[in-house]
Amino acid sequence: MESYLNENYGEFCKALATIIADEGRGFAGRQMACLYFKNTLAAQSNQVQTEKHDRWKALDGTIRQEINEKLLQTLANISSVVKALAGVSPELREVLIIHS
């Protein structure tokens with residue numbers, strides 16, 4: 001999975017966003033997708049954090065916008081289950097809003 005992430009970062013993030021937005025999927029799968037997506041953007045080390053943000057910002061704007069729209073629409077129109085998932089990663093919301 002890590003090699004696919006490195007080789008196809010934009011497609012990988014779009015796939016995770018699709019899983020997160022799919023209310024037909026189970027809670028555990030959506031939760032894992034949220035956590036994995038957050039981990040593609042957030043890090044403990046400032047240097048790694050900057051590298052991850054730079055990789056996100058380097059994505060084609062169309063891909064970033066598609067991911068942003070899917071995730072922000074999901075946050076706006078979702079059940080309490082997904083709102084609880086969103087609470088796991090406030091830094092994810094911050095990154096999406098700041099770098100969209």
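**Exercise 1. Which helices do the buried residues of H2 pack against?**

Solution. The model is a predicted one. Begin with the chain as a whole: it has seven helices and zero strands. Of its 100 residues, 36% count as buried.

Next, list the residues of H2 that are buried: Tyr9, Gly10, Phe12, Cys13, Lys14, Leu16, Ala17 and Ile20. The packing partners of these residues are helix H1 (2-7), helix H3 (27-41), helix H4 (46-58) and helix H5 (61-76).

**Exercise 2. Check whether the span of helix H2 agrees with its number of residues.**

Solution. Helix H2 covers residues 9-21, which is 13 residues. The expected span is 1.5 Å times one less than the number of residues, so H2 should span 18 Å. The C-alpha atoms at its ends are 18 Å apart, in agreement with that expectation.

**Exercise 3. Describe how H2 and H3 cross, and name the residues that meet there.**

Solution. First take the geometry. The two axes come within 8 Å and cross at roughly 145°. The crossing of H2 and H3 is left-handed.

Then take the residues. H2 contributes Tyr9, Phe12, Cys13, Leu16, Ile19, Ile20 and Ala21. On the H3 side they meet Gly29, Arg30, Ala33, Cys34, Tyr36, Phe37, Thr40 and Leu41. Sorted by class, this contact has 12 nonpolar, two polar and one charged residues.

**Exercise 4. Follow Ile20: is it buried or exposed, and which residues does it touch?**

Solution. Ile20 is found in helix H2. Its relative accessibility is 5%; buried means under 20%, so Ile20 counts as buried.

Leaving aside residues up to four places away in sequence, Ile20 touches Arg30, Ala33, Cys34, Phe37, Leu71 and Thr74. For one of these, Ala33, the C-alpha atom is separated from that of Ile20 by 6.1 Å, although the two residues are 13 residues apart along the chain.

**Exercise 5. Find the aromatic pairs, and state which parts of the chain each one ties together.**

Solution. A search of the whole structure finds two aromatic pairs. Phe12 and Tyr36 form an edge-to-face pair, 5.4 Å centre to centre with 65° between the planes. Phe12 lies in helix H2 and Tyr36 in helix H3, so this pair ties together parts that are 24 residues apart in sequence. Phe12 is buried, with a relative accessible area of 6%, whereas Tyr36, at 23% relative accessibility, counts as partly exposed.

Phe37 and Trp56 have ring centres 6.0 Å apart and planes at 85°. Planes over 60 degrees apart count as edge-to-face, so this pair is edge-to-face. With Phe37 in helix H3 and Trp56 in helix H4, the pair ties together parts that are 19 residues apart in sequence. Both Phe37 and Trp56 are buried.

**Exercise 6. What share of the contacts with a separation of 6 or more joins residues 24 or more positions apart?**

Solution. Within the protein chain, take the contacts with a separation of 6 or more; residues 24 or more positions apart account for 61% of them.

Definitions and conventions:
Residues numbered from 1 in each chain as written. Predicted model: local features only at pLDDT ≥ 70, side-chain atom pairs only at ≥ 80, totals over all residues. Heavy atoms only, no water. Helix = DSSP H or I, 4+ residues; strand = E, 2+ residues; numbered from the N terminus. Buried < 20%, exposed > 50% of the residue type's maximum accessible area, 1.4 Å probe, protein only. Contact = heavy atoms within 4.5 Å. Axes fitted to C-alpha atoms, helices over the stretch in contact; angles between N-to-C directions. Left-handed = near helix turned anticlockwise from the far one by under 90°. Nonpolar A, V, L, I, M, F, W, Y, C, P; charged D, E, K, R; others polar. Phe/Tyr/Trp six-rings, centres within 6.5 Å; stacked < 30°, edge-to-face > 60°.
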